[in-house]
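Subject: Structure handover, with notes on pockets, cavities and strands

Hello,

My notes come after it.

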Amino acid sequence: MDARTRCDRTTAWSALRVARASQGLGFDLRQAFASDPVRFDTLSQQAPHVFADLSKNLIDAPLEQLLLQLAHDCGVSAYRDAMFAGAPINNTEHRAVRHVLLRTPRPSDGGPMEPALAEVHATLEAMLAYAERLRQDAAITDVVHIGIGGSDLGPQMAVRALDAFAHVGKRLHFVSNVDGHELDATLGALAPDSTVFLIASKTFTTVETMTNAASAKRWFQAQGGRDIARHFCALTTNVEAAHRFGIATTFGFRDWVGGRYSLWSAIGLPIAIAIGADGFRAFLAGAHAMDEHFRSAPLAHNLPVRLALIDIWYRNFCGFTSRSIAPYHSALARWPAFLQQLEMESNGKRVDRHGIALPFDTAPVLWGEPGTNGQHAYFQMLHQGTDIVPVEFVVVKTQRHALEGHHDLLLANALAQAQALMVGQRDDDGHRHFPGNRPSTVLLLDTLDPTSLGALIALQEHRVFVSGAIWGIDSFDQWGVELGKQLATAIAPRLHSGDVSGLDGSTAGLLRRLRQLQ
Ligand code: F6P
């Protein structure tokens with residue numbers, strides 16, 4: 001089932017080390033372009049709905065061949081096929097990883113479906129019908145989605161990204177933080193009769209979501225709201241817990257959908273409410289097109305694989321610790337936050353799948369803001385700081401507004417930043433000198449629509465999968481979030497009791513101080 005070879009045990013890994021050592025002072029992008037007139041063609045690719053320019057990365061064709069050999073030696077293709085076949089590759093939780101099934105269409109010949117796929121389509125139909133009813137229900141003006149992590153970041157990012165396609169009569173609100181200021185500010189502008197609450201939690205146990213859901217229900221009842229069945233809906237694998245909470249309307253999914261991969265499931269209901277059933281189907285279709293590309297394209301022409309291999313090169317051989325995400329489209333404001341969970345929760349691991357400590361680095365830090373804002377904040381560091389931070393631009397060819405000049409300026413800025421990072425500028429004054437040779441990738445969409453967004457997300461999911469496969473880790477668990485949850489549960493009652501026994505000195509001191517201020 002899991003026949004992967006850990007990267008550091010392959011001959012390709014050793015060869016890559018030699019290649020890095022022999023680069024001496026390093027690879028020079030400017031020279032690479034000067035000596036290879038077809039570099040852009042060799043290192044760019046049209047994948048479904050996404051064009052990628054990889055040519056401003058610190059690799060060349062021979063190095064990419066070595067990296068492809070690494071993917072081959074690690075057994076990436078077989079591991080990918082195991083995921084698509086539904087093998088239990090999440091080995092610490094003994095679960096399959098089947099989010100691709102959520103966007104798999106019915107068989108085109110109308111033939112029978114495997115039970116899991118039939119269930120996916122039954123839920124999808126029910127959920128889309130609910131979304132359409134809600135869209136036509138003029139009495140409902142506000143939808144509040146309560147969830148956190150994967151039950152928030154994906155739907156929130158996508159609803160914002162697809163704002164141009166949204167139903168004009170519905171306002172969507174997202175509440176994730178247990179910080180009551182967030183829910184309080186949202187509820188302040190709402191009326192119970194015109195509001196629907198979606199309680200989104202895979203487990204239906206996450207303390208932030210349960211606390212917010214309980215407060216929302218109390219608010220609803222205190223405001224005179226009576227019809228919980230009409231005004232509350234749960235999106236969860238734990239239907240019994242939702243019923244115990246008092247929610248009758250539920251849309252489910254299975255434990256083989258990881259939280260950070262769940263926006264394709266019932267967790268994506270707010271997306272369907274925003275853009276409608278046809279829009280949601282287009283979103284799934286875009287992701288499916290990328291799935292098919294990932295599943296069938298040879299590794300050398302497989303965009304998720306090529307991106308992941310560059311990531312591995314930078315992280316494990318160049319020592320780069322982070323990647324800056326620069327979406328040049330304001331609707332993609334939550335794109336960096338979404339990618340943070342996708343990549344850092346998946347691959348922020350220090351042991352391999354057998355629990356053995358790894359002798360190499362895994363997930364980098366992802367961070368960023370939409371362009372051009374980032375340019376006036378931290379791009380100084382990207383151009384002249386001491387760290388080299390690969391930048392990943394997302395650029396959208398067409399705009400959906402009629403304001404003259406803006407879009408050309410936006411596009412020009414994206415191109416200029418990538419160019420400046422690479423070419424730099426020689427100046428005898430050190431302050432004004434730009435070293436250049438700083439790598440970047442441009443992901444280019446013709447238009448930001450449900451289909452292209454679906455493809456862009458699936459591209460990132462598969463890229464994270466490939467890195468995790470090469471590192472030999474379990475990309476689908478997240479044990480690292482558990483300790484903090486347990487400790488918070490233990491500390492909460494102490495804020496009332498003042499009991500500091502057994503606590504470390506700092507936590508005890510802070511707790512005492514917080515109690516003084518209360
Ligand atoms: O933060 C940890 C985590 O388990 C994420 O993986 C998950 O997306 C999030 O909490 C929310 O979990 P749930 O959907 O079960 O409320």
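Predicted model: local features only at pLDDT ≥ 70, side-chain atom pairs only at ≥ 80, totals over all residues.

The largest pocket has a volume of about 870 Å³. Its lining counts 36 residues, and those closest to the centre are T203, T206, Q478, V481 and K485. Three helices each supply at least two lining residues: helix 9 (207–222), helix 14 (335–347) and helix 18 (482–497). By class, the lining of this pocket splits into 11 nonpolar, 16 polar and 9 charged residues.

The second largest pocket holds about 350 Å³ of space. It is lined by 18 residues, with H329, S330, A331, H401 and L410 the closest to its centre. Helix 16 (residues 406–423) gives the most to this lining, namely 3 residues. The classes here are 7 nonpolar, 9 polar and 2 charged.

One of the central residues of the second largest pocket, H329, sits in the loop between strand 8 and helix 14. Is H329 buried or exposed? Its relative accessible area is 19%, and the cut-off for buried is under 20%, so H329 counts as buried. For a sense of distance, H329 and G111 are 218 residues apart in sequence, and their C-alpha atoms are 42 Å apart in space.

**Cavities**

Rolling a probe the size of a water molecule over the atoms shows where empty space is left. How many cavities of 30 Å³ or more does a search of the whole structure find? The search gives 2.

The largest cavity has a volume of about 140 Å³. Its lining is made up of 16 residues, and D311, Y314, R323, P390 and R463 lie nearest the centre. Helix 13, strand 8, strand 10 and strand 11 each supply at least two of the lining residues. Of the contributions to this lining, that of helix 13 is the most, at 5 residues. The lining divides into 7 nonpolar, 4 polar and 5 charged residues.

The second largest cavity has a volume of about 30 Å³. D36, R39, T42, L43, D60 and A61 line this cavity. By class they are 2 nonpolar, 1 polar and 3 charged.

**Helix 13**

Helix 13 covers residues 303–317. Does its length agree or disagree with what 1.5 Å a residue would give? The expected span is 1.5 Å times one less than the number of residues, so the 15 residues of helix 13 should span 21 Å; the C-alpha atoms at its ends are 21 Å apart, which agrees. The helix is mostly covered, with 15 of its 15 residues buried. G319 follows helix 13 and has a positive phi, near 75°.

Strand 10 has a parallel partner in strand 8 (residues 322–328), with 5 bridges joining the two. Within that pairing, I325 has E392 as its bridge partner in strand 10. Strand 10 also pairs with strand 11 (residues 440–445), again in the parallel sense, over 6 bridges. In strand 11, T441 is the bridge partner of E392, and V442 is the bridge partner of F393. Between these two strands the chain passes through helix 16, and this β-α-β crossover is right-handed. Helix 16 is also the helix that gives the most to the lining of the second largest pocket.

Strand 11 is mostly covered, with 5 of its 6 residues buried. Strand 2 (residues 50–53) runs antiparallel to strand 11 and is joined to it by 3 bridges. In that pairing, A52 stands opposite L443.

**Where the parts meet**

Regards

Key: Residues numbered from 1 in each chain as written. Heavy atoms only, no water. 1 Å grid on protein atoms, 1.4 Å probe; cavity = no way out; pocket = protein on both sides within 12 Å on 5 of 7 lines; lining within 4 Å. Points joined across faces, edges and corners; volume = space filled by probe spheres on them. Helix = DSSP H or I, 4+ residues; strand = E, 2+ residues; numbered from the N terminus. Nonpolar A, V, L, I, M, F, W, Y, C, P; charged D, E, K, R; others polar. Buried < 20%, exposed > 50% of the residue type's maximum accessible area, 1.4 Å probe, protein only. Pairing = 2+ DSSP bridges. Right-handed = clockwise from strand over helix to strand, strands pointing away.
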